[in-house]
Amino acid sequence: MRDYDEMTAFLGEWGPYQRFIFFFLSLSVFPNGFCGLSIVFIGDVPEHRCLIPGNLNLSEVWMNRTLPLVQEGDKLQYSKCRRYRLDVISNLSETFPDLDFFNMSEVEQEPCLDGWEYSKDQYISTIVTEWDLVCNNDWKGPFSMSVFFLGVLVGTFITGQLSDRFGRKAVLFGTMAVQTGFTMIQVFSPKWEIFCLLNFFVGVGQISNYVAAFVLGSEVLGKSVRVIYSTLGVCISYAIGYMFLPLVAYFIRSWRILLFTLSLPGLLYIPLWWFVPESPRWLLLKGRIQEAEAILRLIARKNGVTSPAVLFNDLELEDMKAKSLQPYTIIHLVKTYNIRAITIINFLVWMILSIEYYGLSLNTPNLNGDAYLNCFFSAAIEVPAYTAAWLLLQRFPRRFSLSGALFLGGVVLFFIQLVPSNLSIFTTVLVMVGKFVITSAFSMVYVYTAELYPTVVRNMGVGVSTMASRLGSIISPYFVYLGAYNELLPFILMGGLTVLSAILILFLPETINIPLPETIDQMQKIKCFKSRTPCSDQDKF
């Protein structure tokens, strides 16, 4: 019996319609590059200190001594969260006009009761200056991002199942609407609590849109174009969106206007609803044969080829109808030994990848220079990384390419801990190599995961794997926190886990030049631990 790729071979691999789908589905990921990372600028903390009311009758000498000096690293700086008691300062200024004969350490201190004064050198406003997310409230800034990742976690879990049940197209445009709509509503947030709640829903739509676009393109495009779409198409569009963020943020320094401007591109995708088709693969598995045939004949007309009078024979139709009667839920990702082992390994690998990526980011030495340029360069390094991933996937087996990248990432982490503190340039080079390698690995793992799972649960499988990466991003700060006890411990743990994930990848089956499986029974078998042969006997459990 023919598989889907054989049934649709008459369409060609790279016709006008495939190029149209490739371009516009890739373009749909563009807003994802700046949506989730906008917190880098809208949540940044400018220089600040306690606000001193202007109605105090203080001399310039005493006004400059209202803030205590504190030791921060090797420097003495004015305190950002404390000031001397203003009533005491006011009385002392009348008694001691000359400060040379007075010890300020004896004056009682108090918190910033009148709020804070923020530097306007870089920003007109951020959520930090809007709601005073500093000092005792400084935990609220990182928490805002944690809420976003929690939304991503929930979104990937829910939308994966919705996509497999109600279709790729509906979930793709639905999550794009959620991302764009709630970002626009965020602009009018009256309180920090409302901002966080809306940020949760933005997170629900953000990665879910990415996964839906990835799966839809993988199923509509031919197998020779699938890898290019998954690496160069979707990923580079994401990187360009990432590079777009510092460009816009440089010219717009108010967080509300910046957020509103970043939400506008989402409106441009509304007309695509009438041009982007549903996945014919998914329609066939749902028993909607006529709709699938109509889409395939439309693609044939757009490509200028003649479609066969009969696309599917009676035996193939009967097989499709039988498959459509089988409901699939997340339980099917762990139903048999084979798919359960693949799901567990994918879960661990995705989570470790995310831990390494964010762990490297949190341990990156502070780079001198412009913040906007640093953000741009951080985004730009992803373009050659995605290109390298595509070349590896084109020329080498999937599991060896991914395992090799993970192994190199683990080695980089081990080398960082060995670099002397006086060789900061070498440390920066290793960090950039780490960013390059991990970005390539993320690109490859999307392709590999989509090829491992069958069509009936593919979106669900990719969604659960993405959920694992969100768990990794949430717990990665705690790995970094271990550095308070031993500065080498975070690198040892992350490096060890990354090497472990490289080994685990070797037990997964190879998928290069193999048609995408349609059902769970057609999946490639995982490698046995005692031999390199497939574990087909154990798949009966």
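**Close-up views of a predicted model**

At 5% relative accessibility, Arg398 counts as buried (under 20% relative accessible area, with exposed being over 50% and partly exposed in between; 1.4 Å probe, protein chains only). We are looking at a predicted model, where local features need pLDDT of at least 70, side-chain atom pairs count only at pLDDT 80 or more, and totals for chains, interfaces and linings use all residues. Residues are numbered from 1 along each chain as its sequence is written, and side-chain values use heavy atoms, leaving out hydrogens and water.

**View 1. Arg398 pairs with Glu451.** The closest N and O atoms of this salt bridge are 2.9 Å apart; the term stands for a side-chain nitrogen of Lys or Arg within 4 Å of a carboxyl oxygen of Asp or Glu. Glu451 sits in helix 20 and Arg398 in helix 19 (residues 398–418), so the pair links parts of the chain 53 residues apart. Helices here are DSSP runs (H or I, at least four residues; strands are E, at least two), numbered from the N terminus. Glu451 is buried too, with a relative accessible area of 9%.

**View 2. Lys435 meets Glu382 in a salt bridge.** Their side chains come to 3.7 Å, N to O. Because Lys435 lies in helix 20 and Glu382 in helix 18 (residues 382–395), the pair ties together parts that are 53 residues apart in sequence. Both Lys435 and Glu382 are buried.

**View 3. Glu130 and Arg256 form a salt bridge.** Here the N to O distance is 2.8 Å. Glu130 belongs to helix 7 (residues 127–131) and Arg256 to helix 12, so this pair ties together parts 126 residues apart in sequence. Glu130 is partly exposed at 35% relative accessible area, and Arg256 is partly exposed at 21%.

View 4. Val447 is buried, with a relative accessible area of 3%. Setting aside neighbours within four places in sequence, Val447 is in contact (heavy atoms within 4.5 Å) with Phe214, Val227, Ser230, Thr231, Leu393 and Arg398. Thr231 is 216 residues away from Val447 in sequence, yet their C-alpha atoms are 7.7 Å apart.

**View 5. A nonpolar patch on the surface includes Phe275.** Its members are Phe260, Leu264, Leu267, Ile270, Trp273, Trp274 and Phe275, with about 740 Å² of accessible area together (Shrake-Rupley method, 1.4 Å probe; for residues, only the protein chains shown count as cover). Patch residues have over 30% relative accessible area and no salt bridge; like charges are joined within 9 Å, and nonpolar side chains (Val, Leu, Ile, Met, Phe, Trp, Tyr) within 5 Å. Phe275 is found in the loop between helix 12 (255–263) and helix 13 (280–285), and is partly exposed at 48% relative accessibility.
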